[in-house]
Amino acid sequence: MGNLSNFSPLEGQTSLKILFAASEAQPLIKTGGLADVAGSLPPALRRLNHDVRLILPAYPEAVEKAIPLKTLATLHLPDHHEPVRLLSGTLSGHLPLYLVDAPSLFERVGNPYTGPDGNDWPDNAQRFALFCRAIASVALNQAGLDWQPDLVHCNDWQTGLVPALIHSEGNRPATLFTIHNMAYQGIFDHAIFRKLQLPPELWSLDGLEFHGNFSFLKGGLAFADRLTTVSPTYAQEICTPEYGYGLEGLLLRRQDRLSGVLNGIDCQFWDPATDPYIPQHFDGDTFHLKRFNKLRLQRELGLPQDENAFLFGHIGRLVEQKGIDMILDILPALASIEDVQVVLLGSGAEHFEDALHDMGERHPEKIVVHLGYNEPLAHRIEAGADCFLMPSRFEPCGLNQLYSLRYGTVPIVRRTGGLADTVVDVNPHTLLDGSATGFVFDEPNTSALWNAVERAVKFRRRPPAWWQKLAMTGMRQDFCWESSARHYLDLYREAILNPIPGQTASA
Ligand code: ADP
């Protein structure tokens with residue numbers, strides 16, 4: 001490829017230039033796991049000596065946190081009436097950061113994807129098409145930065161048009177597209193396709209067209225040199241009709257280029273030994289101190305303070321995917337167990353928020369519901385709870401079970417996606433070989449979840465050393481980024497050396 005004049009495929013140590021494109025990144029702006037990944041994988045790649053730069057829309061919240069910024073270039077992009085500024089700064093003082101500043105599209109307070117009414121911004125297609133065009137312009141070294149990446153790492157539908165826009169360019173970098181969640185696809189109608197002035201040849205079944213509409217996600221799936229998703233099990237699941245949302249055929253055809261790379265976690269930000277949000281630090285050698293976090297959490301949330309209470313936690317978006325309806329179903333029975341307490345933190349669908357709120361009102365001594373988004377409280381729940389509920393119907397990777405393991409909070413999960421890949425069920429065999437880390441159930445229904453909860457309650461009644469061993473085995477698991485970052489580097493090299501047939505650019 002044109003930009004790879006210094007790249008030698010045999011030299012595994014060659015430093016790569018990577019443009020990492022995402023619609024959110026911690027700590028600038030976050031709605032979910034994508035932000036955790038975009039905020040921690042690029043720094044992990046940088047620690048391995050690669051030139052990684054992050055590109056994001058210039059939401060006001062991100063701009064405020066990234067200051068100081070300087071204007072690097074002004075772009076004139078199709079289908080957009082105003083000049084678009086490319087701002088440069090750093091993420092947390094270290095990682096080079098580009099922000100795409102199109103005020104009429106991104107200068108809005110609140111959620112990156114939805115307005116104050118909770119509905120999608122009506123111009124999301126324009127917003128993220130423009131973002132994709134800005135990324136493409138940097139990718140092709142047309143933004144005046146005098147820097148061209150060897151590879152663009154795109155994430156989720158908001159960046160899905162990038163591989164489609166550049167695939168036929170002579171001097172393009174390689175592309176890798178990561179699916180963080182197949183449920184979000186960026187589907188819009190033909191009139192919008194025309195309005196966006198996208199290349200007409202992309203309107204085809206081999207291109208972006210999807211059942212009479214067009215799909216941003218399909219742009220990534222059809223045109224990227226490599227595809228990844230965020231766990232090995234989810235990589236298999238999305239090739240089936242149950243999880244593929246009609247795109248399983250395309251994914252099956254591209255399966256030789258599809259891999260599952262487990263998300264890592266930011267082990268500095270999520271470290272019970274140093275976490276500034278939690279009142280009592282602890283680690284594998286001082287597990288007995290964890291109970292002070294429980295007592296402080298109970299006090300903070302107005303629950304009776306009892307270090308022997310069996311405290312269940314849940315944190316997440318309140319949507320069906322996460323099985324919050326199943327949690328709601330079991331809450332009355334859970335609350336009826338004598339020593340049990342439950343803490344729930346989340347925001348999302350109004351009917352779930354209302355139902356949870358009612359549940360908290362009905363059982364004030366047992367159940368606390370905190371609606372909203374609260375990062376410090378999320379850390380304190382991970383630190384203070386004994387058990388974490390995660391009965392997801394599907395879960396591409398899931399991060400909270402990983403944070404739970406690291407904080408000695410035993411996860412109860414459904415065997416799907418990344419949950420299946422990261423939690424080892426308690427059974428006689430895994431107890432004997434010392435690999436058990438949590439309680440895993442199979443069917444996505446209330447009775448299967450309840451069964452797993454009952455197993456946890458029974459296990460908890462055994463001598464305390466049993467529970468402690470289970471929790472401490474979880475704490476010893478290594479889900480920090482380094483090994484996953486190395487896996488990505490191998491895939492980046494494969495993408496660079498082996499671009500999709502017929503798309504090879506001139507050298
Ligand atoms: P998803 O990306 O599907 O929402 P993940 O488990 O991959 O799920 O990541 C969710 C991330 O968002 C985790 O870091 C979790 O702690 C965080 N999170 C979700 N809801 C809340 C909330 N209400 N308050 C604080 N953090 C939250």
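**Rings and spaces**

Mentor: Gladly! Tyr-59, Phe-106, Tyr-113, Phe-128, Trp-157, Phe-188, Phe-193, Trp-203, Phe-214 and Phe-216 make up one aromatic cluster. Keep in mind that this is a predicted model.

Trainee: How many aromatic pairs does the count come to?

Mentor: Two rings pair if their centres lie within 6.5 Å. By this rule the count comes to 23 aromatic pairs.

Trainee: What is the geometry of the pair formed by Phe-188 and Phe-216?

Mentor: Their rings are 5.5 Å apart, centre to centre, with 65° between the planes. Planes over 60 degrees apart count as edge-to-face. The Phe-188 and Phe-216 pair is therefore edge-to-face.

Trainee: How many residues apart are Phe-188 and Phe-216?

Mentor: Phe-188 belongs to strand 8 (residues 187-188), while Phe-216 is in helix 7 (residues 216-223). The pair links distant parts of the chain, and the two are 28 residues apart.

Trainee: Are Phe-188 and Phe-216 buried or exposed?

Mentor: The cut-off for this class is under 20% relative accessible area. Phe-188 and Phe-216 are both buried.

Trainee: Why is the pair of Phe-269 and Tyr-277 edge-to-face?

Mentor: The centres of these two rings are 6.2 Å apart. What decides the class is the angle, because planes over 60 degrees apart count as edge-to-face. For Phe-269 and Tyr-277 the planes are at 85°.

Trainee: Which ring does the charged end of Arg-108 sit over?

Mentor: A charge sits over a ring only within 6 Å of the ring centre. For Arg-108 the distance is 4.8 Å, and the ring is that of Trp-121.

Trainee: Which helix gives the most to the lining of the largest cavity?

Mentor: The search of the whole structure finds 1 cavity of 30 Å³ or more, and the largest cavity has a volume of about 40 Å³. Its lining divides into 6 nonpolar, 2 polar and 2 charged residues. With 3 residues, the most comes from helix 15 (residues 400-406).

Trainee: And which helix gives the largest share of the lining of the second largest pocket?

Mentor: That pocket holds about 600 Å³ of space. Of its 24 lining residues, Ser-40, Pro-43, Arg-47, Asp-266 and Gln-268 lie nearest its centre. The largest share, 7 residues, comes from helix 1 (residues 33-47).

Conventions. Residues numbered from 1 in each chain as written. Predicted model: local features only at pLDDT ≥ 70, side-chain atom pairs only at ≥ 80, totals over all residues. Heavy atoms only, no water. 1 Å grid on protein atoms, 1.4 Å probe; cavity = no way out; pocket = protein on both sides within 12 Å on 5 of 7 lines; lining within 4 Å. Points joined across faces, edges and corners; volume = space filled by probe spheres on them. Helix = DSSP H or I, 4+ residues; strand = E, 2+ residues; numbered from the N terminus. Nonpolar A, V, L, I, M, F, W, Y, C, P; charged D, E, K, R; others polar. Phe/Tyr/Trp six-rings, centres within 6.5 Å; stacked < 30°, edge-to-face > 60°. Buried < 20%, exposed > 50% of the residue type's maximum accessible area, 1.4 Å probe, protein only. Lys NZ or Arg CZ within 6 Å of the ring centre and 35° of its normal.
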